[in-house]
Every structure is written in C-alpha cells, then in structure tokens.
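Hi,

Here's the structure I promised to pass on.

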Amino acid sequence: MVDVILGLQWGDEGKGKIVDYFAPRYDIIARFQGGPNAGHTLYVNGSKVVLHQIPSGVFHEHTTNLIGNGVVLDPVTLRRECEIVKNMGVDVKKNLFISQRTNLILPTHRALDKASELSKGEGKIGSTLKGIGPAYMDKTGRNGLRVGDLLDKNFTTQYIKLRLKHQKMLDSYGFQEDISAWEEEFFEAVELLRELNIVNGEYFINDAISKGKKVLAEGAQGSMLDIDFGTFPFVTSSNTISAGVCNGLGVAPQKIKEVLGVTKAYCTRVGGGPFPTELHDATGEELRKIGNEFGATTGRPRRCGWIDLVALKFACMINGVTQIIMTKSDVLDTFEELQVCTSYNVNGEKSEVVPFQMTRVKIEPNWESFPGWNTPVSEIKDFSVLPQKMKEYVSFINGYLGVDVQYISNGPGRDQIISVQ
Ligand code: GDP
Ligand code: IMO
Ligand code: MG
C-alpha cells in the first residue's frame, strides 16, 4: 500500500514538515521525482534542517528512506546532506537507499541550466540553477548517466563522452565558466555515493509492499509546476502529480491509496510565470513578512497572494486528492479580511477552468471575502478550540473543492498540526 503526500500549488506548501509528521506511521518514505531544486524544511528537536535530496523521513529511526528512479540526483548535494544528518545522529548506511535507475546531475548540467536561463533573458523561468532541466533532458534524450552506472568500470569514459557533448552545447550558448572545482567535488562525492545502499528500487519497494509494509511517497515542487499540467513553460521538468509516483518508483496505480494534497492557507510562488492571485501591494508584503516567505533552496523572496481555488480544484482533479492538509493557517491570524479566488475572468469572460496557456491570456481573479479570525492559533491543539471564523473559511474551501481539509498546520513545529474531526 502506498500513500502520497504532494504539493497542490507552486511548491513550498510545507510538504517536508507534513511528511516528517506522518513518517512514524510508515515503513518506507520514498522521493519519486525532482532533485535538489526541492527544499523541504523540518524542525528536529527544535533545530531547523532543510532537505534537498534525502526524503523527509530520515530522522525517524525505524523508517527506511528511498531515493526513487524518478529523482535526479546531485552527488555533491547528497554528500553535503549526508554529513548534516549524520551529525544529527542519522546512520545513512542503515536507512537510506538509492535506486540504481536514478539519473545523475553532472556539473555540466548545472552549467547548462545557467546558460539556458541566461539565454532567455527577461523570459527566464527562474530555475533554481541546480541542473534539473538539463538532467531530465538527458534522461528523456537517452543520454543520461544513472546511479547504477557508477558501479561500472567504464563510468569515467561515459562521463567524459557526455561532458564533451555538453561542452559543445555550452559553446553554442557562448557560455564560459571554469567548472573544474565542481568536477573535483563531483568525483569526491561519487566515491561516497558508491558506498551507499544502491538497490534495485522497483523490486525493493514492491517486495516491501507485498510483505504488507506501508510506503509514503513524498512529492517535491507542486502540481502547478508539473511538466504537463503546470503553467508551462514556467514549470519544473518532472511529473509532480500523483501519476509520477508510478513511474518514479515503479509501483502500479492500484497500489496507491490515499493522496494527501498540501496547500497553504494562502498562496506563494518563487521564480517566474503566471500567478493569478498574486498581490503586488502591502497585503502581499505582509504575507511574505509574517509567513517568512523566502525560498528554502535559493533564499529568493517568494511571491505571495490569496488562495486560488480554481487552481486548487484543478490540482485535486489531476491528482485524485483524497484529503487536504492546509498549512500556515497561523500566518493569517492578524488579517482583518481574507480573500479567496473562486473564478477567473479570462480575457473578460468568467471561467472556473485553468486555461491551456496562462501566459497568453489576461487573467483576473474574482474574489469571495471572509472576515479574518484575529486570534492567535499557533498554540491550539484541538480542532474544537479553533476560531469559528477559521472553521467557516475552511468549510467554504471544502465545499468548493469537494474534498475536505483533514489536517490544519498551525506552525512550523513537528507537533503544530490539528486533526479535523
Ligand atoms: P516544502 O518545500 O513544501 O517542504 O516547504 P518549504 O520547507 O520550502 O517551505 C515551507 C516553510 O513554511 C518552511 O519554512 C516551514 O518551516 C514553514 N511551515 C510549514 N508549515 C507551517 C505552518 O503551519 N505555519 C508556519 N508559520 N510555518 C510553516
Ligand atoms: P519544493 O519541493 C518552489 C521552481 C523554480 C522555477 C521552476 C523551475 O521545495 O516545493 P527548476 O530548478 O526545477 O528548473 O525550476 O520551478 N521550483 C520550485 N519552487 N518549490 C520547489 O520545490 C521548487 N522547485 C522548483 O523556482 O520557477
Ligand atoms: Mg520548498
């Protein structure tokens, strides 16, 4: 049996915290897509940790963590992260496993990401510059190197061949950067990677499932950044939606049970691209300040706005969301009035559909207003004690989406989460 936790917006919904909270109920936590573009923040015994490559179950002793084949893996980031978690008492040799089919991010992928973004000028995607796009391009272009290749004696030859190809591409961009230091780091990190548990991920996970073990698939990014269904071309390069679990881990669709979709009580986006409910005013600024909305991977300020129910309903549809988890509810504590987007005006016509190409149409949100609860909620442990006005806000969202909010997160801490009875 596999449950999934994934983001329903443009990433940074608080997935890391939620996965960490649910992890003790599962035997295996598995990342199925994305790479070090992800930044998942957890608080472990009061210390903040941001994970980019390692699944967010790693701090639970009895949980096995798997980096699935659908992920793109940067050995340098992994090595750094292994050091951090080791210093916090985690034995990665015991509880971290990596699929041999996982594609590697090479130093030249990072250079190509940079070159591609520079070439786009104003129209740049705002990529995290971690090499994600170029690494997935090499995967689908059937050129990529995979973790299992590290165990092949010809690895260096294969690496040099691909590097030469990349160098030609970099030359055609007119991009120059000395990557020798990156390469040195890469080969050092590869040594560590070879010593970790490299497994046949699809057998590993299916054997566990057939023995009755419980798996939690951890999504990265969010549904609106999905390569197929997001705000293309301002998206990431993987399938972030629940379907990505099947090809990112090698599990069959009927094995998937609950799909837990995570949304903020408002909305943020980092990087370029359409964001219909974005606020360019003092309220947006306030959300950023109170919500501490700065990227966990790049430190960039996140763009902020009200919750977009049109986009959320779309995300529920394409993911088959069975439960919603609403995070950062406490951030709204001091707002007098809250707005909720219930439809768009697309080129002047009312619509409740996410358009094919958000960048080529004029989208204006239509709002429903709610009075704020003006009560601090972050210490509350029980649903019954939550302010009535928050309950009304949540109840409206449930009604619109046709899927219920089952948990409300009211602070970044591990235990700041309330189950909705
Ligand atoms: P992820 O990428 O989805 O894991 O999310 P990030 O870690 O990038 O960003 C979420 C941020 O919000 C982190 O700084 C979390 O510590 C924080 N956070 C998560 N849940 C809550 C919450 O309910 N309230 C508040 N105030 N912060 C939260
Ligand atoms: P988590 O898992 C928020 C955004 C980037 C950029 C676009 C493409 O922490 O929610 P990429 O590096 O993938 O080529 O960038 O996607 N992006 C994210 N935004 N959270 C993330 O991950 C993101 N990963 C990528 O800002 O707009
Ligand atoms: Mg993040």
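Predicted model: local features only at pLDDT ≥ 70, side-chain atom pairs only at ≥ 80, totals over all residues.

**The magnesium ion**

Let's start with ligand 3, the magnesium ion. Which residues hold it? Asp12 (through OD) and Gly39 (through O) coordinate the ion, at 2.0 to 2.2 Å. The two come from distant parts of the chain, 27 residues apart. Asp12 sits in the loop between strand 1 (2-7) and helix 1 (15-22), while Gly39 belongs to the loop between strand 2 (28-31) and strand 3 (40-44). Is Gly39 buried or exposed? Its relative accessibility is 11%, so Gly39 counts as buried; the cut-off for that is under 20%.

**Ligand 2**

Asp12 shows up again here. Ligand 2 has 21 residues around it, and the closest are Asp12, Lys15, His40, Thr128 and Thr236. If you sort that shell by class, you get 8 nonpolar, 10 polar and 3 charged residues.

- His40: an N or O atom of its side chain is 2.7 Å from an oxygen atom of ligand 2.
- Gly126: here a polar backbone atom is 3.3 Å from an oxygen atom of the ligand.
- Thr128: a polar side-chain atom lies 2.6 Å from a ligand oxygen.

How much of ligand 2 does the protein bury? Taken alone, ligand 2 exposes 550 Å², and 97% of that is buried by the protein.

**Ligand 1**

Now for ligand 1, which has 20 residues around it. Gly14, Lys15, Thr41, Asp330 and Ser409 come nearest.

Ser409 uses its side chain, with an N or O atom 2.5 Å from an oxygen of ligand 1. On its own this ligand exposes 590 Å², of which the protein buries 93%.

**The hairpin**

Last stop: strand 3 pairs with strand 4 (residues 47-51) in the antiparallel sense, over 5 bridges. Within that pairing, Leu42 stands opposite Val49 in strand 4. The hairpin has 2 residues between its strands, and Asn45 takes a positive phi near 45 degrees.

How values were computed
Residues numbered from 1 in each chain as written. Chains lettered and ligands numbered in written order. Heavy atoms only, no water. Near = heavy atom within 4 Å. Polar contact = N/O pair within 3.5 Å; in protein donor to acceptor, adjacent residues only side chain to side chain. Areas by Shrake-Rupley, 256 points an atom, 1.4 Å probe, with all protein chains shown as cover. Nonpolar A, V, L, I, M, F, W, Y, C, P; charged D, E, K, R; others polar. Donors = N, O, S within 2.8 Å, 3.2 Å for Na, K, Ca; no water. Helix = DSSP H or I, 4+ residues; strand = E, 2+ residues; numbered from the N terminus. Buried < 20%, exposed > 50% of the residue type's maximum accessible area, 1.4 Å probe, protein only. Pairing = 2+ DSSP bridges.
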